[in-house]
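Dear colleague,

Please find below the structure that I am handing over to you, followed by an account of what was found in it. I would be grateful if you would read the account with the structure open beside it.

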Amino acid sequence: MSSPQQMALRFHRRRFPPSAVVVSTYHSFAPPFPPPRDCSFSSSSSVGMSPEISMLIRRAALIFTIVTLSALLLYTATDSLRFLRFSSASLSSSSSFARIFPSYLNISPPPPNPYQQLEEVLKNASMVNNTVILTTLNDAWASPNSVVDLFLKSFMLGDGTHRLLDHLVIVALDEKAFNRCQIVHKHCFPLVTEGVDFHLEAYFMTPHYLKMMWRRIDFLRSVLELGYSFVFTDADIMWFRDPFPRFFPDADFQIACDHYLGRPDDMNNRPNGGFNYVKSNNRSIAFYKFWYSARELYPEDHDQDVLNKIKFHPFISDIGLKVRFLDTAYFGGLCEPSRDLNVVCTMHVNCCYGMDSKLHDLKIMLQDWRAFMSLPPDLKNESVISWRVPQNCSLDSLHHYDSPSPEPGMDVQLEEED
């Protein structure tokens, strides 16, 4: 006979049977493993779940799914719109993405700004007072064992000049010269002149030569406008001592001479454009603009001859430009050699015709310097060694100071015209 408690339990189960729909739904979503025992489940069944809890779980899962899908769709639509806007902006205004990854949109990066490139090279090479040493180079003088190698070698053999190589910028006038510069030196700048190919030999006073000379003047003006003072030197000038102690501290424009008359302020001195020291200021910038524009008044003259004509112009005194000419005792050349090797700073193979002649005399000059440096101090002071040059270079122009100087004032080969 059943006890009263058992009868009550059977009555309870008959009155509240489990819903078939709920059980069926639950089993359709139930995992293959039994749910953990928890207070959420009935104490009388190990597999059942109350209808209210099951319904809440399904509703929560449904809401979470809807919210997640909505967020994903919204993010995808927004990102697509942003990409379209970005692509349009990239095509129209060269966005930063297109500049960094130009191949992504098949857009070439903009060409580098030549002024920015020049300023970066000058900054890397400049001294503490924003001064650089400049020379120009074309393919004719850039080949191995040619002028540029002897030029750089003079800095290494000179007295206190090796450190100056850190401040030297080689301005390459053509691609081959630039490639060669990158092999032999660390500060190189490619100077491109539209419509002119400077890689060939530039014969003295030809139209090609004149374009090269005036391009140099215009380039040096741009260096001054960037705030850099400079020493310009031809590559056929050998550097034997630091020239800076010999410069005049208060001059704006200082230039070497083919013929020096004895006073640095004498405007009748015959300047040579192959070596000059120019300070960057308003006066020097105005002067270089005036010098460059004067080519139109003298279209058949090169820069050095034009300088000889405009140096007396009132404009020079009006702008207050202080000009000084450098003594050939310190800054000599084959036109007027520096006789004392104890004081010489630079020697220029000017007044010379032909590449072979120039290379021959440059090598002899370096040999003479090496022999001098090997002497003991007492023999150096007695000046027992002097220059053995000129040898193969022409001697005619040494005695004709009234005629236009044949020296180009730049890294070009000179050839004697028949």
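The protein has 14 helices and 10 strands. Please bear in mind throughout that this is a predicted model. Of its 418 residues, 44% count as buried. Among contacts between residues at least 6 apart in sequence, 70% join residues that are at least 24 apart. The protein exposes about 22,700 Å², of which carbon and sulfur atoms supply 58%.

The sheet

Seven of the strands form an open sheet: 7 strands in the order β3-β2-β1-β4-β7-β6-β8, with mixed pairing. Strands β3 (188-190) and β8 (323-325) stand at the edges, each with a single partner strand, so one side of each is left without a neighbour in the sheet. From one strand to the next, the twist averages 30 degrees.

Strand β7 pairs on both sides in the antiparallel sense. With β4 (residues 229-233) the pairing extends over 4 bridges, and Phe-230 has Val-278 in β7 as its bridge partner. With β6 (residues 253-259) there are 6 antiparallel bridges, and here Ile-255 stands opposite Asn-276 in β7. Because 9 of the 9 residues of β7 are buried, this strand is largely enclosed by the rest of the structure.

Helix α7 lies across β1, β2 and β4, and runs at about 170 degrees to β2. Helix α11 (residues 303-310) packs on the sheet where it touches β6 and β7, its direction making about 95 degrees with that of β7.

In soluble globular proteins, nonpolar side chains tend to be buried together. The largest nonpolar core of this model has 53 residues, and those touching the most other members are Phe-151, Met-238, Trp-239, Phe-240, Phe-275, Met-365 and Trp-387. The elements that each give two or more residues to this core are β1 (131-137), α6 (139-142), α7 (147-157), β2 (168-172), α8 (175-184), β5 (237-239), β7 (270-278) and α13 (355-373). The largest share, 8 residues, comes from α13.

Leaving aside its neighbours within four places in sequence, Met-365 is in contact with Met-238, Phe-240, Leu-334, Met-347, Val-349, Trp-387 and Val-389. Apart from this core lies another, of 41 residues, which includes Tyr-228, Ala-294, Ile-316 and Phe-325.

The cysteines

The structure holds 3 disulfides. When the bonded cysteines are numbered in sequence order, the pairing is 1-2, 3-4, 5-6.

Cys-181 and Cys-188 form one of them, with their sulfur atoms 1.9 Å apart. The torsion about the S-S bond of this pair is about -90 degrees, so the disulfide is left-handed. Cys-181 counts as buried, at 0% relative accessibility, and Cys-188 is likewise counted as buried, at 12%.

Another disulfide joins Cys-335 to Cys-351, with an S to S distance of 1.6 Å. The link of Cys-335 and Cys-351 is right-handed, with 95 degrees about the S-S bond. Cys-335 lies in the loop between β9 (331-333) and β10 (346-348), and Cys-351 in the loop between β10 and α13, so the pair ties together parts that are 16 residues apart in sequence. Cys-335 is buried, with a relative accessible area of 4%, and Cys-351 is buried at 2% relative accessibility.

Cys-352 and Cys-393 also form a disulfide, their sulfur atoms being 2.0 Å apart. Here the torsion about the S-S bond is about -65 degrees, so the disulfide is left-handed. Cys-352 lies in the loop between β10 and α13, and Cys-393 in the segment after α14 (377-381), so this pair ties together parts that are 41 residues apart in sequence. Both Cys-352 and Cys-393 are buried.

Two further cysteines deserve mention. Cys-257 is buried, with a relative accessible area of 5%, and Cys-345 is buried, with a relative accessible area of 2%.

With kind regards

Methods: Residues are numbered from 1 along each chain as its sequence is written. This is a predicted model: local features need pLDDT of at least 70, side-chain atom pairs count only at pLDDT 80 or more; totals for chains, interfaces and linings use all residues. Side-chain values use heavy atoms; hydrogens and water are left out. A nonpolar core is a set of buried Ala, Val, Leu, Ile, Met, Phe, Trp, Tyr and Cys residues joined through side-chain atoms within 4.5 Å. Buried means under 20% relative accessible area, exposed over 50%, partly exposed in between (1.4 Å probe, protein chains only). Contact means heavy atoms within 4.5 Å. Accessible areas come from the Shrake-Rupley method with a 1.4 Å probe; for residues, only the protein chains shown count as cover. Two strands pair if DSSP finds at least two bridges between them. A disulfide is a pair of cysteine sulfur atoms within 2.5 Å. Axes are lines fitted to C-alpha atoms, for helices over the stretch in contact, and angles run from 0 to 180 degrees between N-to-C directions.
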